[in-house]
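Dear colleague,

Please find below the structure that I would like to hand over to you. My notes on it follow directly after.

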Amino acid sequence: MTSLIGGLVFCISFLALEVQATYRPFGGYHPRQHQADSPIVPRQTFQRSFQQQQPFQSVQQGQQHIGNVQQPAQLSQNQRTIDLGETHCKSRPLDLVFIIDSSRSVRPQEFEKVKIFLADMVDTLEIGADATRVAVVNYASTVKIEFLLKTHFDKPGLKAALARIESLAAGTMTGLAIKTAMEETFTEGSGARLTNKNIAKVAIIVTDGRPQDTVEEVAAAARAAGIEIYAVGVDRADMKSLRLMASLPLDEHVFYVETYGVIEKLTSKFRETLCGVDACALGHDCDHICVNNNSNNSYGCKCREGYTLNADKKTCSQDANEMSGNELSEDACMCEAQIAFQMKMQSTIKQLTNKLDDLSRKVTQFGGRR
């Protein structure tokens with residue numbers, strides 16, 4: 001009899017362990033307890049975690065741009081200065097018009113140097129309908145528009161057009177050339193973009209002489225119309241006229257070289273001058289998306305779909321509809337867990353019932369023998 005009682009105690013203990021082992025992995029499947037033990041990762045949390053795992057890249061190096069996310073970069077002031085000239089200087093969109101002097105004082109071989117300079121400048125820019133557009137105004141005693149801002153949207157075609165330009169000889173009507181550029185090339189019909197597009201309008205004048213007409217008033221009118229003017233003087237160029245034409249500050253907009261043979265050296269200088277800073281790559285604190293503002297070398301923040309930008313213009317909050325969707329997903333997940341638990345319990349109860357039946361038979365057999 002003692003052995004029978006011991007056997008019953010063993011079986012009951014075994015059954016208790018079976019129930020405990022079945023119940024524990026699921027935490028009892030109380031909805032709130034399940035949520036605490038195995039939290040469902042909200043969509044926003046998942047996106048941020050994924051974002052932190054992705055290396056952000058810069059534009060020169062496949063940088064993620066609008067529509068993509070960048071992480072704030074921890075850069076020292078010295079690092080920022082270096083990166084500005086090396087990695088984070090990018091070609092900002094421009095409406096760029098070259099105004100070139102081809103009067104008699106510019107010898108044929110010197111004019112070829114000017115064309116090489118223009119081609120080198122084009123190589124430093126991103127050319128395209130949505131990038132930088134280029135036009136050329138050629139002048140002497142007359143003015144000729146070689147091509148408009150809307151003519152060439154690719155570098156090969158643009159450089160081929162530059163190579164075909166021929167000098168005009170005769171006088172130096174610089175004022176007339178500026179007026180023609182302002183009225184006939186920096187217009188929407190000629191391919192210039194609207195003011196609200198925040199695309200800078202830039203004119204680069206290259207001359208080696210003294211204008212035979214007045215430049216002060218027409219240059220002032222061009223600047224007032226939003227055209228930024230750079231004046232490049234070569235050899236015998238009149239410095240006073242260059243200063244009257246150029247935008248302020250003059251030390252950033254007036255250049256001088258002694259001969260056309262060294263004008264190509266200005267290419268790197270203009271690259272730095274016309275550079276657009278990649279503010280996002282220098283470091284930002286946007287919650288989701290950093291967007292460069294090319295007009296003033298700053299940045300703004302945007303949110304991914306389903307989120308709204310907060311009043312601080314940096315962080316993002318999930319929309320109410322998206323949050324309710326997450327709650328539904330959480331409830332569905334808990335429902336599935338409860339079903340799985342019930343099925344497991346039903347299977348365990350069935351196993352326990354079979355074991356109890358087997359135990360009852362053994363007890364009956366033992367009693368019959370006595």
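What does the accessible surface of the protein chain come to, and what percentage of it belongs to carbon and sulfur atoms? The surface comes to about 20,500 Å², and 53% of it belongs to carbon and sulfur atoms. Accessible areas were computed by the Shrake-Rupley method with a 1.4 Å probe, and for residues only the protein chains shown count as cover.

Two remarks on the source are needed. This is a predicted model, in which local features need pLDDT of at least 70 and side-chain atom pairs count only at pLDDT 80 or more, whereas totals for chains, interfaces and linings use all residues. Residues are numbered from 1 along each chain as its sequence is written, and side-chain values use heavy atoms, with hydrogens and water left out.

Overall architecture

The protein chain has 13 helices and 12 strands; these are DSSP runs numbered from the N terminus, with helices (H or I) of at least four residues and strands (E) of at least two. Of its 370 residues, 39% count as buried (under 20% relative accessible area; exposed is over 50%, and partly exposed lies in between, with a 1.4 Å probe and protein chains only). Among contacts (heavy atoms within 4.5 Å) with a separation of 6 or more, 70% involve residues 24 or more positions apart.

Helix packing

Helix H5 (residues 108–123) packs against helix H6 (residues 155–163) at an angle of about 170 degrees, and their axes are 9 Å apart. Axes are lines fitted to C-alpha atoms, for helices over the stretch in contact, and angles run from 0 to 180 degrees between N-to-C directions. H5 is therefore roughly antiparallel to H6 (an angle over 145 degrees; under 35 is roughly parallel, 65 to 115 roughly perpendicular and the rest oblique). H5 contributes Lys115, Leu118, Ala119, Val122 and Asp123 to the contact, and H6 contributes Lys155, Leu158, Lys159, Leu162 and Ala163. Six of these residues are nonpolar, none is polar and four are charged. Here Ala, Val, Leu, Ile, Met, Phe, Trp, Tyr, Cys and Pro count as nonpolar, Asp, Glu, Lys and Arg as charged, and the others, Gly among them, as polar.

Aromatic residues

The whole structure holds four aromatic pairs (rings of Phe, Tyr and Trp, the last by its six-membered ring, with centres within 6.5 Å; planes under 30 degrees apart are stacked, over 60 edge-to-face and the rest tilted). Tyr230 and Phe255 are stacked, at 6.5 Å centre to centre with 25 degrees between the planes. Tyr230 lies in strand S6 (residues 227–234) and Phe255 in strand S7 (residues 254–257), so this pair ties together parts 25 residues apart in sequence. Tyr230 is buried, at 2% relative accessible area, and Phe255 is also buried, at 9%. Phe255 forms a tilted pair with Phe270, at 4.9 Å centre to centre and 50 degrees between the planes. Phe270 lies in helix H11 (residues 266–273), so its pair with Phe255 of S7 ties together parts 15 residues apart in sequence. Phe270 is buried, at 1%. Phe117, Tyr230, Phe255 and Phe270 form one aromatic cluster.

Backbone geometry

Most residues other than glycine have a negative phi, and most peptide bonds are trans. A cis peptide bond joins Leu248 and Pro249, with omega about -5 degrees; Pro249 lies in the loop between helices H9 (239–245) and H10 (250–253). Ala170, not a glycine, has a positive phi of about 65 degrees, and is partly exposed at 29% relative accessible area.

With kind regards
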